[in-house]
Amino acid sequence: MKSLLTVITIFSFLPVISQTVKTLAIKGLNGPNGFAINKDGQLFIANESGKQVVKIINDSTTEVVLTSDSPDGLTFDDAGNLYVSNFYSGIILKMSAGSVDTIARALNKPSDIKCDDKGNLFVSEYEAGNIKKISKEGKITQITSGLKLPFGLAFDNKGNLYVASNNAGVIYQIDAKCSVNVFARIKGTLSYLAFSKRTGTLYATCFTCHNIYAIDSRGSEKVLAGNGVAGDKDGPLKDAQFKDPNSIAISPDGSLYISEFSENRVRKITGLEN
């Protein structure tokens, strides 16, 4: 009995991890779109309207790292190089050791961009309905077509690529053989995706539902955060309010960052234990 009481006493003093939404005090955002997080855990944001990519320091201070006409999607490769898709000019930029080069041109409204574990880039062509692959050598190939306004991208642990349809309310899954299947259905306008390698959970932002969704490995979805009403309320996940949630990214500690394009702000969900 004494040992049982000791165990109970110990657990009673363990910290309770609170899952909450909070608004970060980041100034100077202008149309925040795509996110990327480097190996040091620093958040980078594509300021599409501001025509800049900025680095966020300590969840508050912005530092401009490059300028371009319409930065949309961001991704890092294993070497720490940053890639930027530009929606209106149709180009892909690569920033390496402070030098910025154009590695692809004439893409049709490239929205998001992601790097696989082999260093290949994958780009969603929004209006054309295509997904294109850019190899490490710079060769561009089309891996699929006919998708409805493909937008956000994410890779899982098995190398499957997930694609959020901006207006069809579906998330596609593309396997290594380039076979396309509908993985999940969410009513509303979907934006970006993020995949947790720790838990196998896929996260999606719904621009018109004002909610953040979590999707399991079977494609079953549930509302993770938000009450469906547009607003700026922080606090517990189910009570919190978002307005036009856009990009989403997972930090090394499992927190989620979410941008709100129209409000020029970033929200953070903590305590998920990913």
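Among the contacts in the chain (heavy atoms within 4.5 Å) between residues at least 6 apart in sequence, 40% join residues at least 24 apart. The model is predicted, so that local features need pLDDT of at least 70 and side-chain atom pairs count only at pLDDT 80 or more, while totals for chains, interfaces and linings use all residues. Residues are numbered from 1 along each chain as its sequence is written, and side-chain values use heavy atoms, with hydrogens and water left out.

**Overall build**

- The chain's secondary structure comes to one helix and 25 strands, where helices (H or I, at least four residues) and strands (E, at least two) are DSSP runs numbered from the N terminus.
- The chain has a radius of gyration of 19 Å, close to the 19 Å that the globule rule gives for 274 residues, so it is as compact as a globular protein of that length; the radius is taken over C-alpha atoms, and the rule is 2.2 Å times the number of residues to the power 0.38.
- Along the principal axes, the C-alpha atoms of the chain fill a box of roughly 70 × 40 × 35 Å.

**Burial and surface**

- Of the 274 residues in the chain, 53% are buried, a class that means under 20% relative accessible area, with exposed over 50% and partly exposed in between (1.4 Å probe, protein chains only).
- The accessible surface of the chain comes to about 12600 Å², and 49% of this belongs to carbon and sulfur atoms; such areas come from the Shrake-Rupley method with a 1.4 Å probe, and for residues only the protein chains shown count as cover.

**Around Ser 124**

- Ser 124 lies in strand S11 (residues 121-125) and counts as buried, because its relative accessibility is 0%.
- The side chains of Ser 124 and Ser 111 are joined by a polar contact of 2.7 Å, that is, a pair of N or O atoms within 3.5 Å, of which, within protein, one must be able to donate a hydrogen and the other to accept it, residues adjacent in sequence counting only if both atoms are side-chain atoms.
- The Ser 124 side chain also reaches the backbone oxygen of Phe 151 at 2.7 Å.
- Leaving aside residues up to four places away in sequence, Ser 124 touches several residues, among them Lys 109, Asn 130, Ile 131 and Leu 153.

**Positive phi in two loops**

- Asp 59, although not a glycine, has a positive phi of about 60°, and its place is in the loop between strand S4 (52-57) and strand S5 (61-67).
- Asn 264, in the loop between strand S24 (256-260) and strand S25 (265-270), has a positive phi near 55° and is partly exposed, with a relative accessible area of 30%.
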